[in-house]
Amino acid sequence: LDVAEGLGHGYDAKWVDVRADCGAGYGAFTYYALRIDVALQPYAWYKQHVLLGARESGLPPAHIHTIEGVGPVEDPDPERDRRERSIHV
């Protein structure tokens, strides 16, 4: 996963504490960008992954609305686009 997520190449990792609605606390491992470029946009298939995960996880409607408002771009690699979109079929 470190290689796939780009650990050491623009991303780092850390443990975070999260709390469930029921009050239970958990530790989670997360990757985060070291630099933010607001001009970058996600591929449409990636946005689809994020939206489906957000809905499946029951995120609040306001969070989902924010994700929906992100403008995606089409992936220039048609094979990757097809492969990624086929995950949810």
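Leaving aside neighbours within four places in sequence, H49 is in contact (heavy atoms within 4.5 Å) with E84, I87 and H88. This is a predicted model, in which local features need pLDDT of at least 70, side-chain atom pairs count only at pLDDT 80 or more, and totals for chains, interfaces and linings use all residues. Residues are numbered from 1 along each chain as its sequence is written, and side-chain values use heavy atoms, with hydrogens and water left out.

H49 is part of helix α2, residues 44-56. Its side chain makes a polar contact with the side chain of E84, at 2.7 Å. A polar contact is a pair of N or O atoms within 3.5 Å; within protein, one must be able to donate a hydrogen and the other to accept it, and residues adjacent in sequence count only if both atoms are side-chain atoms.

**Overall layout**

Four helices and two strands make up the secondary structure of the chain, in the order α-β-β-α-α-α along the sequence. Helices (H or I, at least four residues) and strands (E, at least two) are DSSP runs, numbered from the N terminus. The C-alpha trace spans about 45 × 30 × 25 Å along its principal axes. Of the 89 residues, 15% count as buried. Buried means under 20% relative accessible area, exposed over 50%, and partly exposed in between (1.4 Å probe, protein chains only). Among contacts with a separation of 6 or more, 43% join residues 24 or more positions apart.

**Salt bridges**

Side chains of opposite charge can pair when their charged atoms come close. The structure has five salt bridges, each defined as a side-chain nitrogen of Lys or Arg within 4 Å of a carboxyl oxygen of Asp or Glu. Three of them are listed here, including the pair D75 and R80.

| D75 | R80 | 2.6 Å |

R82 is partly exposed at 46% relative accessible area, and E79 is partly exposed at 41%.

D81 and R85 are four residues apart in helix α4, so they too are separated by about one helical turn. D81 is buried, with a relative accessible area of 13%, whereas R85 is partly exposed at 30%. Salt bridges link D81 and R85 with E74 in a network.

**Largest pocket**

The largest pocket holds about 1,000 Å³ of space. Its lining consists of 25 residues, of which E5, Y11, A33, P42 and Y46 lie nearest the centre. The elements giving two or more residues to this lining are α1 (2-5), β2 (25-33) and α2. Helix α2 gives the most, with four residues. By type, the lining divides into 17 nonpolar, three polar and five charged residues. Here Ala, Val, Leu, Ile, Met, Phe, Trp, Tyr, Cys and Pro count as nonpolar, Asp, Glu, Lys and Arg as charged, and the others, Gly among them, as polar.

On a 1 Å grid over the protein atoms alone, a pocket is an open set of points where a 1.4 Å probe fits, with protein on both sides within 12 Å along at least five of seven lines; lining residues have an atom within 4 Å of a point. Grid points are joined across faces, edges and corners, and the volume is the space filled by probe spheres set on the points.
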